[in-house]
Amino acid sequence: MDVKLNGCMKRLTGIALLSMVVSAATAAPETRLEYLSVDEINQWMDRGQLTSATLVRHLLQRVERLDKNGPAINAIIELNPDALAMAQAMDQERKGGYIRGPLHGIPVLLKDNIDTSDQMQTSAGSLAMVGQPAAQDAFIVQRLRAAGAVILGKTNLSEWAAFRDPALPSGWSGRGGQTKNPHLLSGDPCGSSSGSAAAVAAGFAPLSVGTETSGSIICPASMNGVVGVKPTVGLLSRSGIIPVTHKLDTPGPMARTVREAALLLNAMAGDDPADPAQKPRQLKGVDYTALLRPDALVGKRIGYPAKFDRSALPLLTDPQFSQALERMQSAGATLIPVELIDPVLERVEEAFQMGIKRDLPRYLATRTSIPARTMEDLLLFNTGNVEGHGQDTLIAASKVVFDEPTYNQLWQKIQSENAAAIDQLLVTHQLDALVSDVASPAMNVAPLAGYPGIMVPSGMDDEGVPTSVFFFGPRWSDARLLALAYGFEQVSNARRAPAFKP
């Protein structure tokens with residue numbers, strides 16, 4: 001859990017340029033492969049100027065130079081020893097005329113709490129989980145493999161998705177160490193999907209998958225200057241993902257552009273009978289790129305924090321957000337100042353603890369030949385492996401009194417009251433969506449409601465740390481939010497490659 005609930009929301013140039021040499025007839029400018037978009041990669045592959053294997057080799061070399069050495073971003077917890085073979089297999093399929101889709105041969109990184117049935121661990125960053133790999137792929141990993149994606153490796157995270165101890169540093173795990181923010185190495189990478197965000201920002205892969213319970217995608221996306229999509233809870237399957245609570249847990253795309261995030265969302269979406277979430281029928285087969293148009297903001301009514309309308313202080317403290325509002329308005333949006341109340345936080349910590357006590361033992365029982373097969377095993381292991389950090393959250397979860405009806409009633413209250421706060425604004429002001437800065441209640445209200453949200457880069461502050469805007473709206477409005485975020489992205493062009501500043 002991130003953002004304000006656990007206090008995690010705070011405020012080089014690449015060493016090698018790999019030139020792609022092409023024939024004089026198809027001469028192209030030198031290109032940094034690590035920052036090619038998915039569409040550009042596909043275009044190069046279609047023209048025979050690039051292979052998936054070449055791209056994977058380049059990214060592996062970049063990880064070695066910048067993640068393990070040099071600035072030592074430490075975003076990658078483990079590389080996939082099968083990645084190059086997977087890339088070569090996708091190249092052979094392409095050569096034979098078989099292209100599975102836009103992610104064919106595209107490298108993707110996965111957060112280290114997402115099961116893969118290969119040679120890699122799935123550990124949530126905990127040494128207590130190192131041993132026999134998971135028995136089968138998570139549902140979303142099955143979908144990615146079927147789409148032709150190359151699983152490049154696993155990313156570091158705040159251990160146990162930031163639910164080990166409230167004092168746990170953002171981006172630290174016992175297994176992976178401390179992830180750094182590639183824009184400002186001494187800055188906050190945020191958590192818990194810190195590695196997934198930092199890796200995409202640093203050019204280690206074009207796409208990554210994070211997970212969120214409350215803030216774990218949107219916070220690191222903001223701090224590392226990438227696009228982060230927190231889908232409506234239940235849109236993407238949670239099967240095979242180390243849980244906190246099924247009431248709020250969700251995986252989500254992290255990418256450098258909105259379109260790339262939408263492509264990744266397309267690949268992962270699907271009906272999983274093992275996931276209890278009920279999705280509307282109309283979502284079946286939705287293409288999340290279909291509404292992405294440069295004029296997507298025209299005629300849309302968007303609510304924004306009223307503090308930027310009536311007070312000069314926010315204009316001074318977050319000028320990038322004020323500028324972002326101006327760009328939305330110039331792109332055709334009608335902006336309406338609104339007041340979003342602070343989230344309902346009563347008994348939230350207890351609700352998360354109850355979720356851990358309910359769902360984590362069920363997951364641990366699916367794993368074999370690891371030190372922690374039960375909650376008791378986990379606590380005992382951590383006691384003997386102090387690593388300089390406590391485990392107060394896990395201890396509290398083990399001691400909390402669990403009762404299924406009480407648990408359901410508690411989450412029903414939390415989610416319904418936070419959802420009502422958003423719904424009331426949407427109806428009262430006839431809004432299409434809302435947008436927020438990262439220091440407003442939306443950072444907690446939207447996740448606790450289980451509603452979708454998209455973080456999009458908006459610029460850089462005076463210290464060289466990225467700034468962002470957060471689009472959010474009602475349940476199942478993911479496609480519409482992606483469209484609005486895309487429209488803003490086209491007029492702002494705000495994302496910047498990291499400078500790896502000390």
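Biologist: At what angle do the axes of helix 2 and helix 3 cross?
Modeller: Roughly 155°, and the axes come within 7 Å. Axes are lines fitted to C-alpha atoms, for helices over the stretch in contact, and angles run from 0 to 180 degrees between N-to-C directions. Helices (H or I, at least four residues) and strands (E, at least two) are DSSP runs, numbered from the N terminus.
Biologist: Parallel or antiparallel?
Modeller: That crossing makes helix 2 roughly antiparallel to helix 3. Under 35 degrees counts as roughly parallel, over 145 as roughly antiparallel, 65 to 115 as roughly perpendicular, and the rest as oblique.
Biologist: Which residues meet there?
Modeller: Ser 52, Ala 53, Val 56 and Arg 57 of helix 2 meet Ala 83, Leu 84, Ala 87, Gln 88 and Asp 91 of helix 3. Contact means heavy atoms within 4.5 Å. By class, the contact of helix 2 with helix 3 divides into 5 nonpolar, 2 polar and 2 charged residues. Ala, Val, Leu, Ile, Met, Phe, Trp, Tyr, Cys and Pro count as nonpolar, Asp, Glu, Lys and Arg as charged, and the others, Gly among them, as polar.
Biologist: Before we go on, what are the ground rules?
Modeller: This is a predicted model, where local features need pLDDT of at least 70, side-chain atom pairs count only at pLDDT 80 or more, and totals for chains, interfaces and linings use all residues. Residues are numbered from 1 along each chain as its sequence is written, and side-chain values use heavy atoms, with hydrogens and water left out.
Biologist: What is the mean pLDDT of the chain?
Modeller: 92, with 93% of residues at 70 or more. pLDDT is the predictor's confidence in each residue, from 0 to 100.
Biologist: Which elements have the lowest and highest means?
Modeller: Helix 9 (residues 312-317) is lowest at 75, and strand 2 (residues 107-111) is highest at 99. Over residues 1-30 the pLDDT is below 50. That stretch still has 77 contacts in the model beyond near neighbours in sequence.
Biologist: Next, helix 4 and helix 7. At what angle do they pack?
Modeller: About 110°, with axes 8 Å apart. Helix 4 and helix 7 are therefore roughly perpendicular. Phe 139, Ile 140, Arg 143 and Leu 144 of helix 4 touch Leu 264, Asn 266, Ala 267 and Met 268 of helix 7.
Biologist: And Ala 146, buried or exposed?
Modeller: Exposed, because its relative accessibility is 53%. Buried means under 20% relative accessible area, exposed over 50%, partly exposed in between (1.4 Å probe, protein chains only). Ala 146 lies in helix 4.
Biologist: Which residues touch the most other members of the largest nonpolar core?
Modeller: Leu 103, Leu 144, Phe 204, Met 328 and Phe 471, out of 87 residues. Helix 7 (residues 258-268) gives the largest share, 8 residues. A nonpolar core is a set of buried Ala, Val, Leu, Ile, Met, Phe, Trp, Tyr and Cys residues joined through side-chain atoms within 4.5 Å.
Biologist: What other core lies apart from it?
Modeller: One of 31 residues, including Phe 163 and Leu 448. Phe 163 is in the loop between strand 3 (150-155) and strand 4 (172-173). At 4% relative accessibility, Phe 163 counts as buried.
Biologist: How many residues of helix 15 are buried?
Modeller: 8 of the 8, so helix 15 (residues 442-449) is largely enclosed by the rest of the structure. Gly 450 follows helix 15, with a positive phi near 80°.
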